[in-house]
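Student: I have a new structure to read. Please show me how to go through it.

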Amino acid sequence: MKEYDLMILGPATRDVNIDYTGAEDRSAGGAVTFCTPAARAMGARVFAAVKIAPEDRDIMDVFDMPEEDKALLPSKRTTLMRNEYFTPDRERRRSGCAAQSDPILPDELPEISWKLCHLAGLLYGDFPEELLEELHKRALLSADAQGFLRHNVGGSMSLHDWEEKLRFLPWMDFFKTDAAEAEMLTGLSDREAAARQLVAWGAKEVMVSHNAEMLVCDGEHIATCPVKARNLSGRTGRGDTTFGSYLAMRMTGHDMETSLLYATACVSLKMETPGVFKGSIQDVEDYIREFYQA
């Protein structure tokens, strides 16, 4: 049985994105869609398990990888998202959800072996308790906080604290939040303090993403790295690209600081072009030399 460094598990979406000028773009989205190419570009062995309706199988074409390295997990519906951005930097937005995919159940897991499973969720309900219990038994586990904090309430998106956080955070070998999610979880607006609190509650290694810098904390050490994108036309997928590349680095033996530098350079480069990351590890290394080592 082939072993993967990383299995990325979650729903893909059909997105409608409207920028501050009113221009509309329709594309496939979702955390799994942005995490996967960033992790593969680094050279990690990656498997993508994607929850969508079978009639939306064309979304799988976005995952430019061998067929044996990806799987469609059938759902009655595909998640449908609408994102309206109010500023050029896309930091202020309103999100809506017209449909949510079915929960992923333990008996749907692919028959493969993996070192780390990353829960690339979008909404509360994507990952039921029984799935977390099964994955925790099998290998290392990682998650994006949005899959537990963002709730679809009648088609509108709202952020709520994760009631089960003290039970499940100790199962998380890696855990990612953005600054707003970190404050929602901890009540702390200081990103470093919030990261330390999440580690104190049991998460082994925490990333907090922000438009100015990325931060990681393992309880003993804090590392930060500035975002240096020259434009923000590819802002969508920022956190997922960062974390996908970071996890790939960590699962292939790199230390926390080296992994953070690579991941932040990767997302800085990705944000200069709309869509998923389509570069190579060489492109990221060149970017590091030009903008981080000058």
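Student: Which residues of helix H9 are buried?

Tutor: Buried means under 20% relative accessible area, with a 1.4 Å probe and protein chains only. Helices are DSSP runs of H or I, at least four residues, numbered from the N terminus; strands are runs of E, at least two. In H9, residues 281-291, the buried ones are Val284, Tyr287 and Ile288. Down the axis of H9, its buried residues fall within an arc of 100°, so they line one face of the helix. That arc is taken from the directions from the helix axis to the C-beta atoms.

Student: What covers the buried residues of H9?

Tutor: Contact means heavy atoms within 4.5 Å. The cover includes helix H8, residues 256-270.

Student: What should I know about the model itself?

Tutor: It is a predicted model: local features need pLDDT of at least 70, side-chain atom pairs count only at pLDDT 80 or more, and totals for chains, interfaces and linings use all residues. Residues are numbered from 1 along each chain as its sequence is written, and side-chain values use heavy atoms, leaving out hydrogens and water.

Student: How many helices and strands are there in the protein?

Tutor: The protein has nine helices and 15 strands.

Student: What share of the residues is buried?

Tutor: Of the 294 residues in the protein, 56% are buried.

Student: What share of the contacts joins residues 24 or more positions apart?

Tutor: Among contacts with a separation of 6 or more, such residues account for 64%.

Student: What box do the C-alpha atoms fill?

Tutor: Along the principal axes, the box is roughly 50 × 45 × 40 Å.

Conventions. Buried < 20%, exposed > 50% of the residue type's maximum accessible area, 1.4 Å probe, protein only.
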